[in-house]
Structure formats: C-alpha cells, structure tokens
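Here are some notes to read alongside the structure, meant for someone meeting it for the first time. Keep the view open and follow the points in turn.

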Amino acid sequence: MSDFAARLATTINVLEKIAADFSPAVFASSLAAEDMVLTDLILRHKLNIGIFSLETGRLHKETLSMLDRIKETYAYEVKLYKPEAEAVNSYVQQHGLNAFYDSVEMRKECCRIRKVEPLNRALFGNKAWITGQRRAQSTTRAELALQEDDVAHAMQKINPLTDWSEDDVWHYIRSNNVPYNALHDKGYPSIGCEPCTRAIQAGEDVRAGRWWWENPESKECGLHVVDGKLIRIKSV
C-alpha cells in the first residue's frame with residue numbers, strides 16, 4: 001500500500017470512529033480544498049457527521065458558490081452560521097468597515113464577531129468537532145495533533161488530515177473529481193474573508209496570503225485559540 005493510500009485509509013477510519021463514538025459531531029468547513037476532501041469523505045461514506053460553514057459576510061463570491069456546488073454534487077445543504085448583525089454594525093460604526101487593517105487587536109475583534117461567536121453557536125450541543133487543519137499549512141500548526149481536548153468548548157477537536165501534504169489534498173481532489181473553490185487556481189492555497197486574503201507568490205508559505213500584513217506568529221483567527229494561545233492543550 002502506498003503512503004497516500006495508508007493515510008487515506010487512516011483518515012476514513014478516524015471519520016468512521018468519530019461518527020460512531022462522538023455523536024453528535026460536526027465538521028466546520030471553510031469550503032477550501034482540505035475541507036472539500038473531508039466533505040467528500042463524509043458524504044461519500046454516508047457518515048453521521050453534520051457539516052456547517054461560517055458565513056462571515058465578507059467571503060469571496062467564489063467561496064459562496066461552493067455551497068451550490070456541494071448541493072448539486074452531493075444533494076447536501078451545508079448549514080450556515082452568520083454573525084450577529086448588531087455586533088457587526090456596532091464594530092463598523094465605532095471603528096470602520098476595514099478597521100482590522102489597523103492593528104492585530106482590531107483584526108482579532110472582527111474575527112471574534114464574524115467567526116468565533118458563530119462557531120460557538122455551531123458547536124453547542126455536540127460532542128466533537130472536526131477541522132481540515134494540517135501541520136504543513138503554517139508555523140502556527142506545526143505541532144497539530146490528530147485529536148485534542150478542546151477545553152474551551154468542552155468537547156473533542158479532531159483534525160483527520162493532520163499528516164496530509166498539499167500534494168495529498170490535490171491528488172485526492174483530482175482522483176475523485178471533487179469540486180473545489182476556483183480561487184485555488186488563481187494562487188490562493190488558503191482562503192478566508194475577501195479583504196484578508198491575497199494570492200501568494202511561488203515559494204511562500206501556503207497561509208502567507210492570510211492577514212499578510214501581520215507577523216506569521218499571529219496568523220490565527222481565534223477559532224483555534226483560547227486566551228491568546230492556540231488550543232494545543234492536550235493531545236489524545
């Protein structure tokens with residue numbers, strides 16, 4: 001068995017175990033390449049794992065179009081969670097629409113309103129959540145574990161693609177005709193909100209286009225952070 005085949009088999013086994021042992025469980029999809037791999041595996045194998053996405057109000061049109069493509073391909077509708085309108089309006093009125101460029105603090109507050117708070121609602125009542133994070137994505141994820149004890153949400157957090165490379169992701173997508181975000185063909189390996197994401201240059205880190213004006217050590221939106229630190233509390 002090839003290394004990739006072994007990694008794929010392990011990932012399927014992990015997902016099956018999540019569905020069996022941690023129900024109800026949900027997958028937080030950003031609708032990017034890694035997450036389309038997991039979406040395909042979950043739906044192809046008919047696993048009892050819900051899929052949701054955070055509709056921040058600042059996503060690219062190409063990202064939003066993935067919702068229709070998933071529905072057309074898999075006959076499945078991804079559940080959306082949006083930020084509270086009052087919180088968004090208050091932030092914009094006090095600081096400006098694009099205040100996240102002004103400081104790390106302002107950027108993280110925008111992420112908190114548009115992503116972290118909706119995530120908390122999406123995770124409520126579940127026993128585990130799944131992400132498409134990989135160690136190879138950035139320096140902030142170099143020590144990523146397969147399974148973590150997410151104390152902040154009182155549940156398990158599982159990263160089935162921990163050991164997958166960028167080549168693994170695209171090999172799976174092309175081999176299985178998985179739909180993917182058109183921005184990936186335009187130099188966007190990692191995709192977030194439109195004003196906070198740019199295309200990268202050859203040789204750059206795959207997440208170099210996320211919050212490109214900040215230092216690499218601060219490039220997390222808060223979904224995986226507690227008290228300013230990455231949730232790497234306890235590997236299971």
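Predicted model: local features only at pLDDT ≥ 70, side-chain atom pairs only at ≥ 80, totals over all residues.

1. Serine 65 counts as partly exposed, at 31% relative accessibility. For these labels, buried means under 20% relative accessible area, exposed means over 50%, and partly exposed is in between (1.4 Å probe, protein chains only). You will find serine 65 in helix α3, residues 61-74.

2. Residues are numbered from 1 along each chain as its sequence is written, and side-chain values use heavy atoms, with hydrogens and water left out.

3. Now the overall plan. The chain has six helices and eight strands, and from the N terminus on they run α-β-α-β-α-β-α-α-β-β-β-α-β-β. Helices (H or I, at least four residues) and strands (E, at least two) are DSSP runs, numbered from the N terminus. Of the 236 residues in the chain, 53% are buried. The accessible surface comes to about 11,400 Å², and carbon and sulfur atoms account for 50% of that; the areas come from the Shrake-Rupley method with a 1.4 Å probe, and for residues only the protein chains shown count as cover.

4. How much of the contact pattern joins residues at least 24 apart in sequence? Among contacts between residues at least 6 apart, the share is 70%. A contact here means heavy atoms within 4.5 Å.

5. Next, please trace the sheet. Six strands form an open sheet in the order β3-β2-β1-β4-β6-β5, with mixed pairing; two strands pair if DSSP finds at least two bridges between them. The edges are held by β3 (79-81) and β5 (147-150), each with a single partner strand, so one side of each has no neighbour in the sheet. From one strand to the next, the twist averages 30 degrees. Within this sheet, β1 (residues 25-28) and β4 (residues 128-130) pair in the parallel sense over three bridges. Valine 26 has tryptophan 129 of β4 as its bridge partner.

6. Side chains of opposite charge can pair when their charged atoms come close. A search of the whole structure finds 15 salt bridges, each defined as a side-chain nitrogen of Lys or Arg within 4 Å of a carboxyl oxygen of Asp or Glu. One of them joins glutamate 34 and arginine 134, at 2.8 Å from N to O. Glutamate 34 belongs to helix α2 (residues 33-44) and arginine 134 to the loop between β4 and β5, so this pair ties together parts that are 100 residues apart in sequence. Are these two residues buried or exposed? Glutamate 34 is buried, with a relative accessible area of 7%, and arginine 134 is buried too, at 1%. Glu34 and Arg134 are also linked with Glu166 in a network of salt bridges.

7. Two further salt bridges deserve a look. Arginine 135 pairs with aspartate 163, their closest N and O atoms being 2.5 Å apart. Arginine 135 sits in the loop between β4 and β5, and aspartate 163 in the loop between β6 (155-158) and α6 (166-175), so the pair connects parts that are 28 residues apart in sequence. Arginine 135 is partly exposed, at 35%. Glutamate 117 and arginine 121 form another salt bridge, with closest N and O atoms 2.9 Å apart. Both lie in helix α5 (residues 104-123), four residues apart, about one turn of the helix. Glutamate 117 is partly exposed at 24%, and arginine 121 is partly exposed at 30%.

8. Finally, turn to α6. Helix α1 (residues 3-21) packs with α6 at an angle of about 80 degrees, their axes 11 Å apart. Axes are lines fitted to C-alpha atoms, for helices over the stretch in contact, and angles run from 0 to 180 degrees between N-to-C directions. The two helices are therefore roughly perpendicular, a label for angles of 65 to 115 degrees (under 35 is roughly parallel, over 145 roughly antiparallel, and the rest oblique). Phe4, Arg7 and Leu8 of α1 make the contact with Asp168, His171 and Tyr172 of α6. The buried residues of α6 are Asp168, Val169, Trp170, Tyr172 and Ile173, and they pack against α1 and α2. After α6 comes asparagine 177, whose phi is positive, near 55 degrees.
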